[in-house]
Amino acid sequence: MRHRVGQSATAANYLLVCLLGVYFGFGRLLSTITHGKIVPPGTSQQSKTGVKTEQNQGCSDVASVGLVMNLLSASVLACPLLGVVPTLFVGHVPWLWTAGVFQLGACVLLYRAMDTLGATFYGFVALLKFAEGYSALLTFYGIQTDSPVPFPVVFSLLFFTLALFSFQKSFLEGLYHLFFVAYCIALAVEPQGFFQAGTQGVQGAIFVVSAGMLSLTAYNMVSTSMVPTGSGYFKALVSRLQGITLRAQDKEQHSPYLGYSKYADAEVLGHACSVLAAFAMTATLGDRNPLSVLVLPWVVVAGGALQLLCGSVAFSRGKSLESTVFILYGMMWTVWGLTRYAGLYGETRGFNLAVGIIGFILFNSLVIVAAMFLNLAWFAYALTFQLILISFLLDALGVLPFGYDIGVTILFGVVSFYCFLAHLFNSTFQVPQIPLGKPLIKLSGIGGGSKVCPHLPARKASSVQQIAEIMKNGGICGMPTDTVYVLVAACNRPEAVVKAYNVKKAAQDRPMSMWISSIKQLEPVRHLLSPLLLDFMEAAWPSSISMVIPRGPWMDIFGLGDAAKHIGTPQSIAIRNPDCTVATYLISEADTTHHNQVYAKLGNKVDGVLCDGASPENIASTVVDCTKIETGHIGFFRVGIIPKSKVLKIFEEVQRRHQQGQTNPAFEYDLVLPSTQREANPANKA
C-alpha cells in the first residue's frame with residue numbers, strides 16, 4: 001500500500017510540474033504575441049526597479065537555482081523513505097550529479113556576485129551531491145559504500161562554522177544551513193547513511209525547508225513588499241559587543257590588494273576542501289574493497305576539483321602563490337585519491353611510482369620558500385603538506401612507518417582548518433582579527449622590509465581621490481591610461497617632477513611628456529601657439545596621440561618653474577590629451593602593461609599605484625612631430641596604437657579647412673569635466 005501511495009504522490013507531483021510549466025510557457029507566448037498587452041498573472045519577467053541592488057539581485061537569482069537543485073536531490077534521496085523505490089539505484093545518478101554540476105555553477109556565479117559565504121555553501125552541497133551519486137552508481141556493481149566516521153564529523157563541523165557566519169546574511173539562511181549540519185551528523189551516526197532511513201528523513205526535512213526558502217526568495221525578488229528574513233539580527237547582536245567591529249559587506253570588500261577582480265576571495269572554500277581531503281585520507285581500508293569505503297569523492301572532488309576551482313579564482317585575483325598552491329595540491333589529491341582509493345594502486349610499489357612523487361616534493365619545496373614571503377600560516381600550510389607528500393613517497397617505497405601518514409594528515413587538516421576559520425572570521429570582522437602571522441622573509445631581506453606603497457583599485461572614486469591627494473602633496477604615482485601604465489606627477493609640484501625624472505631610469509633617452517585633461521587648459525596661451533596646431537589638437541584629441549611641439553613661454557601656465565627643464569628636450573616637448581578619465585596629469589610613459597610591472601620596475605620609489613589589471617592595449621601612444629606644422633608637414637617619432645594613416649587623414653582634413661579659411665575662433669568643446677574630476681586633477685589649477 002505504501003508503495004502505491006508513493007507512486008501516486010510522485011505522479012501527482014510530475015503532473016503539477018507539467019501544468020505549471022504549460023501555464024508559464026503559454027503566458028510568456030501570449031505576452032510575446034500581444035506585445036505585453038495580455039500577461040497572465042505570475043508570468044511577467046519584468047524586474048521591479050528599486051527593489052534590490054544589482055549585486056543582491058544577482059545573488060538571489062543564483063541562490064534560487066541552488067535551492068531548486070537542493071529540492072531535486074532531496075526528492076531523489078527521500079524516495080526510498082516514501083516507498084517510491086525500494087532503495088537508491090543507478091537511475092538516480094544523473095539527477096544527483098546534475099544537481100551537483102548546477103551547484104558548482106552556482107558556486108562560481110556567487111563568487112562573481114562577491115558572495116563568499118553563499119559560494120562556499122554551494123561548494124559544500126555540490127560535494128555532497130557527487131558523493132550521493134557515487135554511492136548510487138556503485139550499487140550497479142553490487143557495492144554498498146559506508147562512510148568513515150571521522151569525515152562526516154569534520155564535515156558537520158565545517159558546515160556548522162559556515163552556518164554561524166551565514167547568520168550575518170539572514171537568520172533564515174543560517175537556520176537553513178543548520179539542516180545540512182544535521183544531515184552530516186546523520187551520516188556519521190549511520191555508516192551506510194545514504195541508504196538508511198535516518199539520513200533520508202533529514203533529506204525529507206531539507207526538501208520541505210528548501211521549498212519554503214525558494215518560495216520566500218522568489219517572492220522577495222519580485223515583490224515590492226519584502227518578507228523579513230532576519231537580516232539585521234546578527235549586526236544588531238554584534239553592535240552590542242565591545243571590541244568587535246563588522247566589515248562592510250559590499251562589493252568593495254573583496255577588492256584585491258593589487259588591482260581589480262570580478263571574483264570574491266575563494267580561500268575559505270580552498271582551505272575547507274583541504275580539511276575534507278585530509279581527514280578523508282585518514283580512513284583505513286584493511287582487507288576491504290577500496291571502492292566500498294566512501295573516500296574517493298571526498299578526496300577527488302573536494303581535494304581535486306574544488307581546489308582547482310579555487311586556484312582558478314585565486315589566479316583571476318592576481319594571487320600567484322595561492323593559485324599555484326591550490327592547483328598543485330588539487331592535482332596531487334586527485335592523482336593520489338584515484339591511485340589509492342579507485343583500485344588503481346594495486347600492489348605496485350617501487351622507484352617508478354616514487355619518481356612522480358619526488359617531482360611533487362621538489363616543486364612543493366619551491367612553494368614553501370615562496371610562502372615564507374607571504375605569511376606564517378601559508379608557510380605552515382605548505383610545510384605540513386610536504387610531510388604528507390613524504391608519507392606518499394614512503395608508502396610508494398613500502399617503508400611507511402605505522403601511523404605516520406595518519407598523524408601528518410591530521411596535522412595538515414588542523415592547519416587547514418585554522419586557515420579556513422581565519423579567512424572566514426577576518427572577512428566578517430574588521431576587529432578583532434585571527435592572526436595569520438608575518439612573513440618570515442621580507443622583500444628587502446631577512447627581518448627587514450620597508451613600507452609598501454598603497455595599491456588602490458582604479459574603479460573606486462575614493463582611490464582616485466587618494467592618488468590625487470598624494471600628488472597634491474608632491475608624490476609620484478603609477479596609474480593606468482588608455483594605452484599603458486605610466487608614472488605621473490603634478491605639474492604644479494616642481495619637486496615631484498624632479499623626483500619622477502630621477503626615478504625614471506631611461507629619462508634621458510625617453511623624455512617625460514606633458515598631459516592635459518582638456519584642450520581648454522591651453523586657452524590662456526592660445527595666442528602663443530599656431531592656429532593650425534590648435535585645430536589639429538582639437539580634431540585629434542582626446543586620443544592616444546602625443547604631439548611633439550616646440551618649447552615656449554606657453555609652458556609657464558602649468559607652474560613647473562625650474563622643473564620644466566626635466567620635461568621633453570631643450571627644443572621640444574610631447575603633449576597629449578588622453579582618452580582616459582583619470583590619466584590627466586603630467587606623465588612619463590613606460591612600457592608597462594600591468595600594475596604589477598609598475599611596482600616590479602619602480603619598487604617603493606613611487607608613492608602609490610592605481611591598479612586596474614592589464615592595460616586595455618599593449619601598445620603605447622602614437623607620437624607625432626608637430627614642430628614644423630606651419631610648413632604643412634608632420635612627422636612620426638613613433639607609430640603606436642593609432643595608425644599613421646588615421647593621423648594623416650585627421651591632419652589633411654584640418655589643413656583643408658585652414659586653406660578654405662575655416663579656422664576656429666575659440667575652443668567650443670561640449671566636453672565639460674565633472675567638478676569632482678576638476679578637483680582631483682592638480683594639473684587643472686593652472
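**Helix pairs, a mixed sheet and a few backbone exceptions**

Let's start with a helix pair. Helix 6 (residues 171–189) and helix 7 (residues 197–222) have axes that come within 9 Å and cross at roughly 165°. Axes here are lines fitted to C-alpha atoms, for helices over the stretch in contact, and angles run from 0 to 180 degrees between N-to-C directions. Helices (H or I, at least four residues) and strands (E, at least two) are DSSP runs, numbered from the N terminus.

A word on the source. This is a predicted model: local features need pLDDT of at least 70, side-chain atom pairs count only at pLDDT 80 or more, and totals for chains, interfaces and linings use all residues. Residues are numbered from 1 along each chain as its sequence is written, and side-chain values use heavy atoms, with hydrogens and water left out.

Back to the pair. Helix 6 and helix 7 are therefore roughly antiparallel to each other. On the cut-offs, under 35 degrees is roughly parallel, over 145 roughly antiparallel, 65 to 115 roughly perpendicular, and the rest oblique. The crossing of helix 6 and helix 7 is left-handed. That word applies if the near helix is turned anticlockwise from the far one by less than a right angle; clockwise is right-handed.

Who makes the contact (heavy atoms within 4.5 Å)? From helix 6, the residues include Tyr176, Phe179, Phe180 and Tyr183; from helix 7, they include Val202, Ile206, Val209 and Met213. By class, this contact has 14 nonpolar, three polar and one charged residues. Ala, Val, Leu, Ile, Met, Phe, Trp, Tyr, Cys and Pro count as nonpolar, Asp, Glu, Lys and Arg as charged, and the others, Gly among them, as polar.

Next pair. Helix 13 (residues 376–397) packs with helix 14 (residues 404–428) at about 155°, axes 9 Å apart. Helix 13 and helix 14 are therefore roughly antiparallel. Helix 13 passes helix 14 in a left-handed crossing. Among the contact residues are Trp378, Tyr381 and Phe385 of helix 13, and Tyr404, Phe412 and His423 of helix 14. The classes are 15 nonpolar, five polar and one charged.

Five strands form an open sheet, order 6-8-7-11-12, with mixed pairing. Two strands pair if DSSP finds at least two bridges between them. Strand 6 (514–515) and strand 12 (635–638) are the edges, each pairing on one side only. Strand 7 (residues 545–550) and strand 11 (residues 622–625) pair in the parallel sense over four bridges. Val548 has Asp625 in strand 11 as its bridge partner.

Two helices to note here. Helix 17 (residues 531–540) packs on the sheet, touching strand 7, strand 8 (572–576) and strand 11, and its direction makes about 170° with that of strand 7. Helix 19 (residues 644–659) also packs on the sheet, touching strand 7, strand 11 and strand 12, at about 145° to the direction of strand 12.

Finally, the backbone. Most residues other than glycine have a negative phi, and most peptide bonds are trans. Which bonds are cis here? One joins Val431 and Pro432, omega about -5°. Pro432 sits in the loop between strand 2 (429–431) and strand 3 (455–457). Another runs from Trp541 to Pro542, omega near -5°. Pro542 is in the loop between helix 17 and strand 7. Met114 has a positive phi, near 65°.

Key:
Contact means heavy atoms within 4.5 Å.
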